[in-house]
Amino acid sequence: MANTIEQISIAFINDKSPIINIICNNLVASEIDILFRSESIESGLSQLSALEKLPQVCIIDLDFSDSKVLAQLHELKAKYPTLKLIAHSDDDSEQIVTSLLEIGIDGYLLIGTDAEELQTAIEGVCNDKKYFSTGVSKIAQKYFSNKADA
């Protein structure tokens, strides 16, 4: 049975993006429960460790070109391997997308994504699917194709 029938829990890790504020406001009316919002992965790790039950999805909107952020994201995924991660960014470079795929993200949404697409992505990753915005889907396809060939 799909997770769309029961309430989905999510968390946001972002750097006070006004875009995320709008997205959060749109999601409040849906069947999505926002457990917390934090401004850094370090803060997010602290909040995750305080929860009795992890969110199903964590949406991360940070500066992925910062190697410190990538190392912290790797730590987050290592500590919580079952936590589904969706990156949210305006960076559609192959280097960044590939770096995030190596860490194990489950989805990548480009800024400009509307609430409906975000909800579709959240529901998809909750059902063990991957979700990538059109602008990065070819990079993801190439990455997974190369992994399958290896």
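## A partly exposed lysine and its buried partner

At 43% relative accessibility, lysine 130 is partly exposed, whereas aspartate 106, at 7%, is buried (buried is under 20% relative accessible area, exposed over 50%, partly exposed in between, with a 1.4 Å probe and protein chains only). This is a predicted model, in which local features need pLDDT of at least 70, side-chain atom pairs count only at pLDDT 80 or more, and totals for chains, interfaces and linings use all residues. Residues are numbered from 1 along each chain as its sequence is written, and side-chain values use heavy atoms, with hydrogens and water left out.

Lysine 130 and aspartate 106 meet through their side chains in a salt bridge, 3.2 Å from N to O (a side-chain nitrogen of Lys or Arg within 4 Å of a carboxyl oxygen of Asp or Glu).

## Lysine 84 and aspartate 128

By this rule there are 4 salt bridges. One of them pairs lysine 84 with aspartate 128, with the closest N and O atoms 2.8 Å apart. Lysine 84 sits in strand E4 (residues 84-89), and aspartate 128 in the loop between helix H5 (115-126) and strand E6 (131-132), 44 residues apart (helices, H or I, at least four residues, and strands, E, at least two, are DSSP runs numbered from the N terminus). Lysine 84 is buried at 18%, while aspartate 128 is exposed at 63%.

## Helix to helix

Let's finish with lysine 142, which forms a salt bridge with glutamate 94 at 3.0 Å between the closest N and O atoms. Here helix H6 (residues 134-149) holds the lysine and helix H4 (residues 94-103) the glutamate, 48 residues apart.
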